[in-house]
Amino acid sequence: KNSAKAMEKELVTCNLQEKEKTAIDRSQIFQIPQRKDLETKVIVVLGKAGMGKSILVQKICQDWSNGEFSQFEFVFWFDCKQISLPEKRYSLEELLLEFFVKPREGSKEIFEYMLQNPAQVLLIFDGFKGLHDHENFPRCSASQPEQDLCSIKELLSGLIQKKILNGCTLLFTARPKDKLYQYVSKVDKTIEIVGFSPQQRELYITRYFEESPYCDSALKLIKECEYLFSHCYSPVMCRFVCFLCEAVLEVGEKSLPSTLTEVFLKFFQQKIMLMQTDVTATQNQESLATLARIAWCLGEKHQSAMKSDFIPSKEVKEFALKYGFVLPFSLPRHSDSEEEEFGSTFSDFVIQNFLCALHLLLAEELKDKNLTKYLSFLSKKKKPYNWLDLMPRFLVGLMFLQDDPYFCSLSNEDAKQSTKKQKTVLKYIRRLQINTLCPERLLELLCCVYETQNNYLLQHVALRLEPDLSFLGIVLTPPDVHVLLSILKRSRKVFSLDLQNSSIDMQGLQALVSLRNVTSFRASLSDTVRLWKSLEQTKDYELLKASTEKFVLDPFKAKTMKDISDLSDLVEMQEKMMNCVQEASGCTSYEIPAVRNLRKLEFALGPACGLQGLLKLVKILAAFPSLQHLDLDALSENGIGDEGAKSLSEVFPTLTSLETLNLSQNKITDLGAENLATALPSLSSLKTLSLYNNNICDFGAEKLAKVLPAMTSLRVLDVQYNKITGVGAQQLTDSLRKCPHIKNLVMWNPTIPYGVLEHLHQLDSRISV
């Protein structure tokens with residue numbers, strides 16, 4: 001417990017959505033500005049399963065072998081699924097120079113050289129998820145971890161804690177949902193692989209079929225099936241879809257399956273059926289059922305690799321290897337005398353997910369009612385099967401494929417059994433309180449229902465969606481957007497969508513905001529402005545105007561310099577819109593509703609960028625005519641100082657609607673207070689002014705006291721936690737007598753004697769003690 005608490009104190013909360021996003025080239029991966037070369041560097045590559053993380057690290061290794069990344073003399077790449085499989089103990093020397101590569105001679109000298117030159121060593125751990133379960137990540141307790149035997153978890157812990165090979169570079173790959181930051185207290189760089197754009201999908205498909213007679217027809221066929229084309233954003237899914245498309249075209253069929261479940265059912269059919277005879281059909285059926293059970297046993301433990309003896313029979317092993325469902329690998333040995341051991345890993349996460357769903361349907365011990373618990377829509381706890389995130393979709397999809405002859409041959413179920421399972425799911429979904437589901441569970445439900453292609457279920461869900469749909473912080477992939485689109489189209493309601501921090505691509509955003517029954521939406525400001533610029537360039541003025549009318553910005557919180565830049569782009573966009581509208585309708589003026597209606601603006605850039613951000617912000621503040629609340633108080637303290645206060649005061653005359661101004665904790669001194677005081681009377685609507693916890697002294701208090709009578713709209717003034725003494729407090733009190741409109745003056749300061757403040761309160765009860 002104590003070690004767990006100590007670990008918590010070291011942790012840094014990392015919210016990727018707060019970071020600025022920018023595309024980088026592969027050559028920039030190891031560039032980390034403002035870092036000491038002598039310390040271990042930790043780089044994390046995130047990406048959903050199948051996004052190409054392993055391909056990326058293989059390419060890095062290949063590039064290095066061709067002379068790139070010359071800062072590294074040694075590169076070691078480990079597949080976490082494999083090195084974490086046997087519960088063995090390693091020393092760092094063994095891990096690098098026995099298990100990864102074995103030099104013909106001079107191992108000791110090479111290892112000593114690495115210890116003395118750690119900056120020239122790159123260690124890649126691919127698939128970090130495989131290295132932890134629900135235990136606390138252990139501390140490295142070995143006295144000499146380079147030489148002593150440790151568990152792989154302890155070795156990794158020592159590397160991360162800089163106890164081992166301090167100064168090396170660590171590159172981890174992991175899925176976005178993996179709790180990587182639970183174990184890594186400092187990450188120097190985070191990179192996320194986001195998948196193919198529509199243009200890259202087309203390029204991949206074209207390259208796949210470039211030497212095929214179906215080159216022209218394949219791309220057309222896949223693009224016609226929009227749902228499958230949307231799945232092609234994932235490289236691994238794109239490969240599966242291309243494989244199936246090729247098989248379909250070879251037999252002269254003219255259409256592709258409409259769901260992912262059908263795609264993979266057909267994939268298994270193509271793999272197995274084409275090569276089997278009547279004699280092997282039964283054996284293949286049994287082997288597939290056994291392999292499905294193995295997939296489930298491993299999947300429950302968040303594993304995809306196993307020792308070869310985990311597969312119960314030679315026939316099943318040969319079946320799995322023959323059709324490429326699993327891939328073999330050799331396990332590390334401690335010495336040459338040890339007998340070589342082998343393991344297997346499922347060739348692809350989608351195949352394992354599909355086999356898990358198949359097992360749940362084929363397993364005789366599972367009753368129909370028990371199947372719904374694996375859908376987990378109602379679970380308030382963390383989703384238990386999130387590692388097998390496609391499994392629930394395949395499970396529901398397979399239940400509604402009772403008429404598929406190939407599935408019937410696999411399941412050996414009669415029509416009554418299949419219908420019974422369907423009814424169980426129908427009843428389960430009908431009873432769901434859809435309006436109580438959190439965004440993640442709701443999206444999962446929509447994707448599962450889509451896999452059924454059952455009109456009743458699709459309509460049932462569409463009619464029960466809440467008008468205010470929030471997907472705030474939920475990653476919306478292109479297939480998710482397609483599903484959401486198709487279901488929203490079925491509803492007669494009007495919807496307001498919150499798509500902030502959803503990583504939605506521009507095509508998906510355009511499609512959703514184009515729906516007639518979507519009447520308002522919130523989304524990332526940068527994504528929205530990028531969409532509008534694209535529509536302006538293509539001269540689609542009708543959709544441009546419609547989407548600007550629907551966009552909601554209020555309230556807006558600026559947390560990075562990019563947020564301020566995006567806000568500036570929005571104001572600039574309004575000027576362009578005026579020209580567009582004038583060209584289209586002859587109207588001479590136009591305001592984007594989001595600009596016109598912004599009432600609350602929060603500014604939280606912190607001390608590093610606070611002043612710089614504010615100087616940029618004040619240039620556009622006048623563009624927001626309805627701004628009522630400007631909040632420059634942040635937990636990290638913006639520190640705009642006197643220069644920021646002066647710059648802000650210069651635009652006060654344009655802020656005619658401002659009612660609340662919060663300048664707390666900004667290192668403002670008497671000079672800043674004087675500049676503010678001069679301009680404050682021009683804020684004709686100001687009701688609340690907070691200067692809490694600044695560095696204002698008696699001179700600043702005097703300047704504020706002089707203008708209070710002229711600030712006729714002011715109701716509350718907060719100047720507590722400054723450096724005002726009894727002299728300044730007396731001046732503010734004297735001024736207060738001329739200000740019947742002010743209802744509360746908060747001015748407790750450690751520099752004002754309590755007796756003085758108590759006396760002033762007795763003179764005027766509006767002064768808070």
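**Strand pairing and helix packing in a predicted model**

Q: In which sense do strand β12 (residues 495-498) and β13 pair, and over how many bridges?
A: The model is a predicted one. In it, β12 covers residues 495-498 and has β13 as a partner. The two strands pair in the parallel sense, and the number of bridges between them is 4.

Q: Which residue in β13 does L497 stand opposite?
A: Strand β12 spans residues 495-498 and pairs with β13. The residue in β13 that stands opposite L497 is F521.

Q: Which strands are the edge strands of the open sheet?
A: The sheet has 3 strands in the order β11-β12-β13, with parallel pairing. From one strand to the next, the twist averages 20°. An edge strand here pairs on one side only, which applies to β11 (468-470) and β13 (518-522).

Q: Which strand pairs with β6 over 6 bridges?
A: Strand β4 (residues 121-126) runs parallel to β6, but 4 bridges join these two; in that pairing the bridge partner of F125 is F172. On the other pairing, V42 stands opposite L170 in β6. The strand that pairs with β6 in the parallel sense over 6 bridges covers residues 41-46 and is β1.

Q: How are helices α11 and α16 oriented to each other?
A: The axes of α11 (residues 260-273) and α16 (residues 391-399) come within 9 Å and cross at roughly 80°. Angles of 65 to 115 degrees count as roughly perpendicular. The orientation of α11 and α16 is therefore roughly perpendicular.

Q: How many nonpolar residues does the contact of α11 with α16 have?
A: L260, T261, F264 and L265 in α11 meet R393, F394, G397 and L398 in α16. By class, the contact has 2 polar residues and 1 charged residue, and its nonpolar count is 5.

Q: How are helices α30 and α31 oriented to each other?
A: Helix α30 (residues 698-707) and helix α31 (residues 726-736) have axes 8 Å apart and pack at an angle of about 5°. Angles under 35 degrees count as roughly parallel. The orientation of α30 and α31 is therefore roughly parallel.

Q: How many charged residues are in the contact of α30 with α31?
A: D698, A701, E702 and A705 of α30 make the contact with V727, G728, Q731, L732 and S735 of α31. These residues include 4 nonpolar and 3 polar, and the charged count is 2.

Q: What share of the residues of the chain count as buried?
A: The chain has 32 helices and 21 strands, and exposes about 35900 Å², of which carbon and sulfur atoms supply 50%. Of its 769 residues, the buried share is 52%.

Note on methods
Residues are numbered from 1 along each chain as its sequence is written. This is a predicted model: local features need pLDDT of at least 70, side-chain atom pairs count only at pLDDT 80 or more; totals for chains, interfaces and linings use all residues. Side-chain values use heavy atoms; hydrogens and water are left out. Two strands pair if DSSP finds at least two bridges between them. Axes are lines fitted to C-alpha atoms, for helices over the stretch in contact, and angles run from 0 to 180 degrees between N-to-C directions. Buried means under 20% relative accessible area, exposed over 50%, partly exposed in between (1.4 Å probe, protein chains only). Accessible areas come from the Shrake-Rupley method with a 1.4 Å probe; for residues, only the protein chains shown count as cover. Angles under 35 degrees count as roughly parallel, over 145 as roughly antiparallel, 65 to 115 as roughly perpendicular and the rest as oblique. Contact means heavy atoms within 4.5 Å. Ala, Val, Leu, Ile, Met, Phe, Trp, Tyr, Cys and Pro count as nonpolar, Asp, Glu, Lys and Arg as charged, and the others, Gly among them, as polar.
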